[in-house]
Amino acid sequence: MALTFYNTLTRRQEPFEPLKPGRVGMYGCGPTVYQLPHLGNYRSFLFFDLVHRYLVWKGYTVDAVMNLTDVDDKTINGALAAGISLADYTAPVAQAFFEDLRTLGVREASVYPRATERIPQMIELIGTLLERGHAYEVGGSVYFDVASWPEYGKLSRVDLAAVREGAGLQERERQAVDPDELGKRDPRDFALWKAAKPADRAVGAVWSTPWGEGRPGWHIECSAMGMAELGETFDIHLGGEDLIFPHHEDEIAQSEAATGKPFVRYWLHVKHLVIDGEKMSKSLGNFVTLRDLLEEGHSPAAIRYLLLGAHHRKELNFTRAGLADAREALRRLQDFEATLAHHPAAEDAAPTRLGEVAARALAEFEAAMDDDLNVAAALAALFTFVRESNSVLHSAGPLRAEELAAARRSLERIDEVLGVLRLARESARVGEDLAAWVEERIEARQAARARRDFQAADAIRAELAAAGIVVEDTPHGPRWKRA
Ligand SMILES: [Zn+2]
């Protein structure tokens, strides 16, 4: 079966055919680096990872682009409140975001462009829109003229009349306070460029253009970065469903009005994450970050498993009980992996159905993922594989080496997409199981010294040092601490 995606633009599940054979360009809206993303954002970033990994798994060369929004109202206000420059304010947040991605085992994107590094492309795009009559300038700010673009609304299918009236009422209140909105001719129009204000100047968020000094609006950032990295038309754009309107609608309008070409061919959107059945919000006090969960002692692999395990077009209800279930599921996979690794092999063993079970598991996993990345069905295929294999492994003596190898290979191939087993292995050395690992290595070192194998003992000390662990020998035996 061929890979299919549900495309928000057409509201249909369609076969995926990239523009260039064998090569895929994909773009995901990344974080705004004014504070660390919450868990709902990470659901979206892990979906980006899933699509990226699965396309690579299918044999495509993937140009994967995720932007960082490092200039907007929130980052400017944050920098202003902290009394530092915009660049100084956003740099540590961006760094912490990349740490979080590594913690969650996210495959690195090809490029992570930052909005402040792509300002010339934005200015050029706005210039084209002005030339073509799709934008107008008022007092140094530039707005997109929605009335000039009849296709506006084709992604979100919003009722434009309702937007006009509803927004119109809100606009009158907003315009009284927001200088960026003052010059709009129509409430539906949106800012492409915002004339410099004192706050922008105070934090160094000001760039020169033919129409005066200022800074870009949020929507134009993604259009300019996407097209700069992937061309005027590219294959896949994804993000949270809350970005469909107005952000992605505005991206389409700006890009297509400027180039006269289709902007994106497949739009993929991830549904919300709720916490204990409620919308996550600061006011409800249920705002959860990745780091909160790590501090509670949850493992990155279990968090990754839970955030990935539901189909992206279904709401995910995040609970601590769900996290415990994820940990249990992961443990079953780890036990299975260990059983496969240690089961005895014999040349004269009688054939079993293990090889056939392994081949079918891989085929069912792929069929589920091809069906609009149905990861829930893919996991079901994986656990059928575990159950059927275990019944063979537990009832048989030594097995044929090629059958065991086929089962290991299927599990490894599946984990190339899910990335949970490898993450569990990696974090065992740095996360919750650190103490157990260190104790085990120290015991091994003591044993080596007891048999006067000082070379082995020194090698273990070096291994611990490389992991950031210092061992001190005291009269009461060895003690260890983090360097
Ligand atoms: Zn975006």
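Good morning. I begin at one residue, Leu46: beyond its neighbours within four places in sequence, Leu46 is in contact with Leu104, Val106, Arg304, Leu307 and Leu308. Please bear in mind throughout that the model is predicted.

As general background, nonpolar side chains in soluble globular proteins tend to be buried together.

Let me now step back to the chain as a whole. The protein chain is divided into three parts: domain 1 (4-270), domain 2 (278-429) and domain 3 (433-482). Between the C-alpha centres of domain 1 and domain 3 the distance is 51 Å. Taken along the principal axes, the C-alpha atoms of the protein chain fill a box of roughly 80 × 60 × 40 Å. The protein chain contains 17 helices and 15 strands, and 40% of its 483 residues count as buried. Among contacts with a separation of 6 or more, 74% are accounted for by residues 24 or more positions apart.

I turn to a helix pair. Helix H12 (residues 354-370) and helix H13 (residues 375-395) pack with their axes 8 Å apart, at an angle of about 175 degrees. H12 and H13 are therefore roughly antiparallel to each other. On the H12 side, the contact is made by Leu354, Val357, Ala361, Glu364, Phe365, Ala368 and Met369. On the H13 side, the residues involved include Ala377, Ala381, Leu382, Phe385 and Val392.

A contrasting residue is Glu328, which is found in helix H11 (residues 320-342). Is Glu328 buried or exposed? Glu328 is exposed, because 10 other C-beta atoms lie within 10 Å, and a residue counts as exposed at 12 or fewer. The C-alpha atoms of Glu328 and Ala302 are separated by 8.6 Å, with the two residues 26 residues apart along the chain.

Next, the strands. The partner of E5 is strand E6 (residues 141-144), and the two pair in the antiparallel sense over four bridges. Within that pairing, Val138 stands opposite Ser141 in E6.

I close with another strand pair. Strand E14 (residues 469-474) and E15 pair in the antiparallel sense over six bridges, and a hairpin joins E14 to E15 through two residues. The bridge partner of Asp473 is Pro478 in E15. How many of the six residues of strand E15 (residues 477-482) are buried? The number is zero, so strand E15 lies largely in the open. Thank you for your attention.

Notes:
Residues are numbered from 1 along each chain as its sequence is written. This is a predicted model: local features need pLDDT of at least 70, side-chain atom pairs count only at pLDDT 80 or more; totals for chains, interfaces and linings use all residues. Two residues are in contact if their C-beta atoms, placed from the backbone, lie within 7 Å. A residue is buried if 20 or more other C-beta atoms lie within 10 Å of its own, exposed if 12 or fewer, and partly exposed in between; C-beta atoms are placed from the backbone. Two strands pair if DSSP finds at least two bridges between them. Axes are lines fitted to C-alpha atoms, for helices over the stretch in contact, and angles run from 0 to 180 degrees between N-to-C directions. Angles under 35 degrees count as roughly parallel, over 145 as roughly antiparallel, 65 to 115 as roughly perpendicular and the rest as oblique. Domain bounds come from an automatic or database domain assignment.
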